Amino acid sequence: MMSSWDNSVHYCRWTSVYCSSHRLVHRVIALILLSHGLMRSLSPHIGNLTFLRTMELQNNSFRGEIPSELGPSVSDLNLIGNKLQGKTPAEVDSLSKLQYLLLYENYLTRSIPGSLGNLSSSLLQLDLSEKSLKGSIPEDIGSITKLEDLVLALLYFELMSNQLSGIIHPDIGVAFPHLIWLSIAENRVIGPIPVSLSNASNVVTIQFQENHFTGTVPWDLGMLDNAQFISMALNQLGDGLSFVPSLVNCTQLQYLTFANNYLQEIVTSLQTLGSFRNCEYYIYVKNELSGRIPSLLGNLTLLSHLYLGGNHLFGEIPPSLAASQNLLYLRLPNNNLHGSIPKEFFGLSSSPLLLDFSGNALTGSLPLEVGNMINLVTLNPSNNKLSSALPNTLTKCVMIQDLRLDDNFFHRENLTALQTLQSLEHLDLSHNNFSSHIPTYLGKLPFLAYLNLSFNELNEEVPKLGNTTIFFVEGNYNLYGGPICSTYSTKKKEKHLVVKVVIDIVSSTQLYNSPFRRISYLDLHKATQGFSKLNVIGVGSYGSVYKGVLDKDAIPFAAKVLSLERSRAAKSFMLECKALREIRHRNFVKILSACSSLDYQVNDFKALVYKLMPQGSLEEWLHTKVGEDAHEKLNFQ
């Protein structure tokens with residue numbers, strides 16, 4: 001492109017340079033250089049182009065600051081997607097004809113110029129989306145009466161936030177009646193949501209999430225009958241849901257969220273939502289809503305996401321919710337719901353991708369109809385009071401990746417219902433009453449990374465588990481082998497168990513009669529800050545010694561962790577266990593436990609856990625290093 005910029009050719013013929021074709025001949029009126037990979041800084045001599053109206057330099061790599069010498073005729077300034085720094089020049093208020101100012105996706109800092117209010121007769125679109133803007137929102141912005149599109153933060157809520165503070169001008173809806181998109185998301189804006197917002201009847205999108213708005217939600221939001229997306233989540237809005245009935249007029253509404261506020265009211269107001277047949281997404285999470293889930297929510301036939309978690313909802317889950325044939329995500333966690341899981345949910349033609357009923361008081365069994373959920377990816381009825389065996393029809397849910405059945409009363413003598421779930425990545429069956437052996441097929445599931453079988457009644461040997469990187473089986477006292485650190489006894493009558501106990505798990509009788517502590521790999525990992533180098537107090541031929549403190553009893557310990565990749569390290573471990581079993585002396589360091597397990601990478605892990613000697617080692621007392629304070633001289637008498 002730049003090759004055409006040659007003095008042998010008139011500049012009006014240069015690529016991306018546009019001149020007037022009327023009486024003002026040879027006057028440059030537009031520079032449109034989009035995505036050309038241009039670098040360096042913008043020259044202040046650009047101010048010499050006094051008739052320049054349009055400068056679009058989007059998606060290049062210009063650096064430095066925006067020149068303050070821009071010509072007075074500029075009406076369209078587009079500098080999106082560069083590497084500009086510094087502040088927005090205050091001289092921008094002299095651009096009396098400026099209509100479009102687009103500066104987002106740069107590295108601009110400092111505050112928004114209050115002088116933008118001087119552009120009240122011209123400015124139509126202002127976009128200062130940034131990651132680093134600070135300061136308050138200028139009150140003068142309320143005087144820009146022709147502004148049609150105000151975006152002071154981010155166009156899409158998933159982008160990084162700014163640090164803008166202050167309040168929104170209370171007359172914003174009066175000043176900008178033609179607003180279509182209003183996003184001030186992810187800032188530090190305070191104060192109430194302006195009541196005048198309802199005057200902007202053309203608005204389609206409102207993004208106010210992740211600020212510090214307070215007060216009540218305006219009761220007349222329903223006047224925004226073109227609204228499709230309203231997000232006011234993660235603020236400090238309070239009072240009740242008096243605004244909900246007015247939303248009946250919002251027939252185009254597709255997304256509505258007031259998540260993580262302080263809304264308090266019985267959910268009968270939500271009955272109104274049954275009229276929003278176009279709505280695709282509702283979220284009322286972690287507010288203070290109480291009452292029963294309205295059955296009329298089932299009228300939302302286009303509903304795809306429903307999240308009512310973290311409230312005080314009670315009663316049964318209405319089967320009518322299953323009438324929402326497009327429902328893909330249903331989340332009702334952490335309420336006070338009781339009764340059974342309606343089997344109607346498992347007959348949905350849309351086959352939901354996610355069902356979350358966790359943290360309630362649901363009873364009964366997992367319905368046989370669960371086998372109809374051929375597209376189900378996540379099923380989470382954990383932390384309820386469900387019982388009975390797992391239905392064999394679960395084998396048909398071949399797409400499931402995340403299955404959480406923990407903290408219930410499920411029981412079964414075998415776990416064959418899970419054998420066909422080849423897509424499983426996360427499986428939690430902990431804190432139930434499963435009483436079978438651990439099936440070997442779990443080690444053959446190709447994607448299984450997390451497996452928690454702890455605190456059941458499982459028995460027999462723990463198999464190798466292939467790709468599983470995190471594996472818990474604690475609290476199953478009839479298991480042996482595998483990744484639980486265990487204790488051992490030094491009583492001679494249990495001598496036949498010594499070798500097995502070091503590398504396996506003792507039975508419940510042997511464990512409870514043992515004077516030694518149960519210490520898991522997880523306990524050691526946590527107490528040593530992930531076996532941090534800062535916790536190393538010694539290094540030997542076959543491993544390192546880490547200090548730590550056990551959480552439960554605040555007992556300081558020293559753990560000798562074997563480097564099993566070294567030759568003879570495993571044999572050294574066995575010999576030390578044997579010596580400690582057979583030798584007793586009051587001057588030997590007290591042994592607390594032994595641990596033979598698998599780490600998070602499913603590598604063998606072996607450690608001996610001793611009582612920590614706070615006065616240091618014998619070597620330190622005998623051989624004080626130069627520059628250190630000498631210990632008190634030992635008296636060998």
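The model is predicted, so to speak of local features a pLDDT of at least 70 is needed, side-chain atom pairs count only at pLDDT 80 or more, and totals for chains, interfaces and linings use all residues. Residues are numbered from 1 along each chain as its sequence is written, and side-chain values use heavy atoms, with hydrogens and water left out.

**The chain as a whole**

- The protein chain has six helices and 40 strands; these are DSSP runs numbered from the N terminus, with helices (H or I) of at least four residues and strands (E) of at least two.
- Of the 637 residues in the chain, 50% are buried (buried is under 20% relative accessible area, exposed is over 50%, and partly exposed is in between, with a 1.4 Å probe and protein chains only).
- Among contacts with a separation of 6 or more, 53% join residues 24 or more positions apart; a contact means heavy atoms within 4.5 Å.

**Nonpolar cores**

- A nonpolar core is a set of buried Ala, Val, Leu, Ile, Met, Phe, Trp, Tyr and Cys residues joined through side-chain atoms within 4.5 Å.
- The largest one has 85 residues, and F208, F258 and L403 have the most contacts inside it.
- Leaving aside residues up to four places away in sequence, F208 touches several others, including I168, L182, F213 and M232.
- A second, separate core holds 25 residues, among them L38, V74, L95 and L108.

**Aromatic rings**

- The whole structure contains eight aromatic pairs (rings of Phe, Tyr and Trp, the last by its six-membered ring, pair if their centres lie within 6.5 Å; planes under 30 degrees apart are stacked, over 60 edge-to-face, and the rest tilted).
- Y521 and F531 are a tilted pair, because their ring centres are 5.9 Å apart and their planes stand at 35 degrees.
- This pair links distant parts of the chain, 10 residues apart: Y521 is in helix α4 (residues 521–527), and F531 is in the loop between α4 and β36 (536–539).

- S351 sits in the loop between β24 (336–339) and β25 (354–356), and it counts as buried because its relative accessibility is 4%.
- S351 and I374 are 23 residues apart in sequence, with their C-alpha atoms 6.7 Å apart in space.
- R40, in the loop between β2 (28–32) and β3 (54–56), has a positive phi near 70 degrees although it is not glycine.
- With a relative accessible area of 72%, R40 is exposed.
- F455 lies in the loop between β32 (450–452) and β33 (459–461); its phi is also positive, near 55 degrees, and at 39% relative accessibility F455 is partly exposed.
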